[in-house]
Amino acid sequence: VLLLPLIVFTSAPSAGAVDDREDYADLAYRITKMLVEEHFLRQPYDDMMSARTLDSLLALYDPAKEYFTAEDIQRFEEAYETTIDDDLAEKRTPVAFDVFETFMTRLKDRVAVAEELTQEGVYDYASNRTTELTRKDSDWLRAGEEYEQHWRANIEGELLQETLILEAVAREKAEDEAKDEAAAKEDEASPKKEKTIYEKVFQRYERLLERFEEFDDEDVSDNFIKAIAHAYDPHSEYFSKQQFENFRINMSKSLTGIGAQLSEAVDLGGAVVESLVVGGPAFKNGKIEVKDRVIGVAQGEEGEFVDVVEMNLSDIVDQIRGEKGTTVRLKLIESGSAGKVKLVSIVRDQIDLKESLATADLIETNDPTGEKQRLGWITLPSFYADLGGGATSTTTDVRRLLTRLMIEGIDGLVIDLRNNGGGSLEEAIDMTGLFIRRGPVVQVVDWRGKRSERRSTNRDAIYEGPLVVLTNKASASASEIFAAALQDYGRAVVIGDESTYGKGTVQQLRPVYNTQFLLGQRNQDDGQQGGIKLTIQTYYRINGQSTQLNGVVPDVRLPSVYDVLDIGEDSMDFALKADPIPSSKYTPFFAVELPVSTLRASSEDRIANGQGFAYILEDIAKQSKRLEENSLSLNLQERRREVTETEQKAEERKQERMARFKKQREKEKGLFQTYMLTQDNVLEEELVLKSEIDEEALSGMTRGDAAEEDEDPEDKLLEYPHGFDPYERETIAILQDLISIGETGKPVKVGRTPPTARAEPTPVLVP
């Protein structure tokens with residue numbers, strides 16, 4: 001998401017605490033009014049928005065179009081397609097509860113059907129029938145034979161899949177036992193009772209039903225309000241109070257709590273400790289271990305324990321979180337014990353989430369002429385900022401890393417924005433300013449059509465050397481602003497998938513309160529009913545084009561399976577559209593354009609003649625065919641044949657990779673030496689090899705002995721040489737070409753003119 005600074009929303013007076021359907025309807029009315037008055041569209045909530053809300057609500061419960069029948073949809077449309085707006089005006093929300101109750105009726109019925117069908121002997125798995133991979137573009141199923149046949153095929157497909165998984169596990173176990181006789185004897189001495197495929201599939205539906213049976217009026221109303229927000233655009237969203245807090249934590253990369261990562265204990269209930277924040281309260285306490293199971297939580301030294309065995313994971317987490325300096329007590333069952341219970345008292349504290357902060361690599365290598373070369377690589381997971389006004393800042397962290405890399409004398413730099421979903425608009429602008437001179441970074445248009453520029457105020461760029469930006473289809477929002485600005489200035493070469501995500505809208509996050517108040521006269525948590533993230537602006541590149549739907553098209557494209565998947569803004573319902581606007585006035589960073597066509601040609605040649613992307617290209621072709629056919633066989637022998645073929649190809653790939661990687665390591669021995677800079681060690685005098693920084697130090701989390709149990713010796717042989725995957729290796733090659741062209745006028749070629757006889761450097765920087 002792309003966010004502006006947080007603004008507090010003041011609402012109309014309410015009757016009091018939200019505790020019944022009328023009050024939830026009042027909340028829905030107030031949020032709808034806010035969307036009407038402040039969303040970018042300034043769209044009245046009318047019949048069109050009623051229809052959109054209904055579509056969004058149905059998709060929240062039944063995205064695969066499997067539970068509701070065509071008759072249900074017809075009834076909903078006749079009753080609500082043009083009346084939700086009228087009901088909301090009267091502070092009524094009958095559609096919210098009608099849709100939910102109908103869904104529960106269908107779900108309970110399907111669970112009963114699943115129980116009948118998940119029995120041995122129901123299927124022979126010998127038919128020539130198929131089932132759809134995705135029903136996104138399919139029509140709703142009519143009640144009766146069509147509906148029932150789909151569900152028979154659905155359950156058959158799941159049972160068949162579990163059969164194949166069971167067979168794969170058995171083969172793997174047999175291979176392991178053949179290698180380790182002691183482990184085999186131990187398994188024989190203490191055999192574990194495995195669930196049957198029928199139990200697994202049925203319990204999947206049972207758990208789904210149990211989850212929805214826990215819904216109360218607040219949950220149903222929350223979903224309805226989310227549907228209203230989504231009707232305006234995909235990125236406007238209502239958050240419950242807990243969801244609002246989680247979003248704030250994700251943006252600021254810090255929270256107050258005990259410093260433990262939990263997961264759901266599916267079969268036993270409660271929550272399992274997956275990892276501990278190194279140096280956090282739970283870690284320092286010393287009494288909590290990874291795989292301990294939380295079964296009770298108490299507040300303070302005297303509070304009574306609340307049984308959390310039947311609670312949702314999110315509710316358990318909510319119980320454990322709290323203000324800094326307060327005490328929480330946990331009742332745990334010790335890991336590996338036969339039920340031994342222990343009580344642990346912990347004082348909550350501030351926790352920093354290190355795994356999502358910017359890091360950098362310093363890569364020491366040689367170019368193909370043998371000349372020493374130092375390259376920088378900054379990895380940025382998101383454009384984070386402290387929405388509460390704290391010191392957390394992407395730009396500050398990147399500036400610190402960049403300064404150190406420049407001190408180390410880098411010849412070129414990569415900014416890695418793969419899978420960076422965005423974040424703070426201010427941080428995107430400020431960070432762009434590290435690489436350009438003072439000037440516009442992005443244009444913003446409000447609901448009136450008023451255009452304004454957001455500018456970098458830095459007089460000069462901190463770093464002026466060769467620069468590439470690596471993106472993929474999951475690079476969105478703030479990432480697109482950064483990449484687009486550097487591309488428009490001709491400052492950097494953008495590398496990546498066919499395009500980035502294509503999100504060109506700006507949101508603001510605002511708390512929602514149940515009473516009107518004056519800022520500064522009320523505690524922030526007093527009366528808060530969650531928050532709303534709403535779209536208030538669209539943004540444009542400085543060249544006047546929009547990234548909305550289009551994304552940022554790279555200068556050098558790399559093959560990617562993402563390009564054939566249905567992801568991106570253009571696949572979202574009710575995505576906004578944006579027409580071009582006039583260009584800003586800006587001066588290209590370099591006097592000479594970047595050699596994009598030369599870089600592209602060299603990259604295409606490497607990809608066509610190398611093995612690095614060969615498997616990726618195979619996977620793209622296979623995925624394209626799979627999506628086009630959109631079907632899956634329900635014949636067990638056919639599926640076994642497919643599995644065998646897939647496993648054989650995977651084994652062939654594995655053997656080929658191990659042999660090729662071994663030769664490559666021998667051939668390139670000593671070619672790369674990579675040091676890692678984190679926010680913890682960036683100011684230390686001595687550089688630290690990346691290989692010496694373990695996952696615990698990098699993430700700030702420890703999994704204890706569990707991490708060692710997951711290690712497979714063969715994985716080491718399959719690791720990419722020097723730790724660079726094909727995208728990273730090709731990005732390095734492109735950067736080396738860029739450096740070479742800047743120095744010699746030509747891309748890197750093995751055996752080119754030695755450094756001592758190079759031509760004069762080609763001038764590229766604007767004086």
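Contact is taken throughout as heavy atoms within 4.5 Å. The structure is a predicted model, in which local features need pLDDT of at least 70 and side-chain atom pairs count only at pLDDT 80 or more, whereas totals for chains, interfaces and linings use all residues. Residues are numbered from 1 along each chain as its sequence is written, and side-chain values use heavy atoms, with hydrogens and water left out.

The protein chain contains 22 helices and 25 strands, these being DSSP runs numbered from the N terminus (helices H or I, at least four residues; strands E, at least two). Of its 767 residues, 47% count as buried, where buried means under 20% relative accessible area, exposed over 50% and partly exposed in between (1.4 Å probe, protein chains only). Among contacts in the protein chain with a separation of 6 or more, 77% are accounted for by residues 24 or more positions apart.

S236 is found in the loop between α9 and β3 (237–239) and is buried, at 0% relative accessibility. Leaving aside neighbours within four places in sequence, S236 is in contact with H39, A229, H230, K533, L534 and T535. The C-alpha atoms of S236 and I536 are 9.4 Å apart in space, although 300 residues separate the two in sequence. R374 is placed in strand β13 (residues 372–379). Not counting residues up to four places away in sequence, R374 touches L362, I363, E364, E408, G409, I410, D411, G412 and L687. Between R374 and Q673, the C-alpha to C-alpha distance is 9.6 Å and the sequence separation is 299 residues.

A search of the whole structure for aromatic pairs returned 21. Rings of Phe, Tyr and Trp (its six-membered ring) pair if their centres lie within 6.5 Å; planes under 30 degrees apart count as stacked, over 60 as edge-to-face and the rest as tilted. The pair of Y61 and F103 is tilted, because the ring centres are 5.4 Å apart and the planes stand at 35°. Since Y61 lies in helix α2 (residues 47–61) and F103 in helix α5 (residues 94–117), this pair ties together parts that are 42 residues apart in sequence. Y61 is buried, with a relative accessible area of 4%, and F103 is likewise buried, at 1%. The rings of F613 and Y727, by contrast, have centres 5.2 Å apart and planes at 90°, so the pair is edge-to-face. F613 lies in the loop between α16 (596–609) and α17 (614–629) and Y727 in helix α22 (residues 726–744), so parts that are 114 residues apart in sequence are tied together by this pair.

The charged end of R21 sits over the ring of F97, 3.7 Å from its centre, and R437 lies over the face of F589 at 4.1 Å from the ring centre.

Helix α5 packs against helix α9 (residues 217–232) at an angle of about 110°, with the axes 9 Å apart; axes are lines fitted to C-alpha atoms, for helices over the stretch in contact, and angles run from 0 to 180 degrees between N-to-C directions. That angle makes α5 roughly perpendicular to α9, a class that spans 65 to 115 degrees. In this contact, V95, A96, F97 and F100 of α5 meet D217, V220, S221 and F224 of α9. The contact residues divide into 6 nonpolar, 1 polar and 1 charged (Ala, Val, Leu, Ile, Met, Phe, Trp, Tyr, Cys and Pro count as nonpolar, Asp, Glu, Lys and Arg as charged, and the others, Gly among them, as polar).

Most residues other than glycine have a negative phi. N419, in the loop between β14 (412–416) and β15 (423–424), has a positive phi near 65° and is partly exposed, at 48% relative accessibility. L549, in the loop between β21 (528–540) and β22 (556–557), has a positive phi near 75° and is partly exposed, at 27%.

Technical notes. A charge sits over a ring if NZ of Lys or CZ of Arg is within 6 Å of the ring centre and within 35 degrees of the ring normal. Angles under 35 degrees count as roughly parallel, over 145 as roughly antiparallel, 65 to 115 as roughly perpendicular and the rest as oblique.
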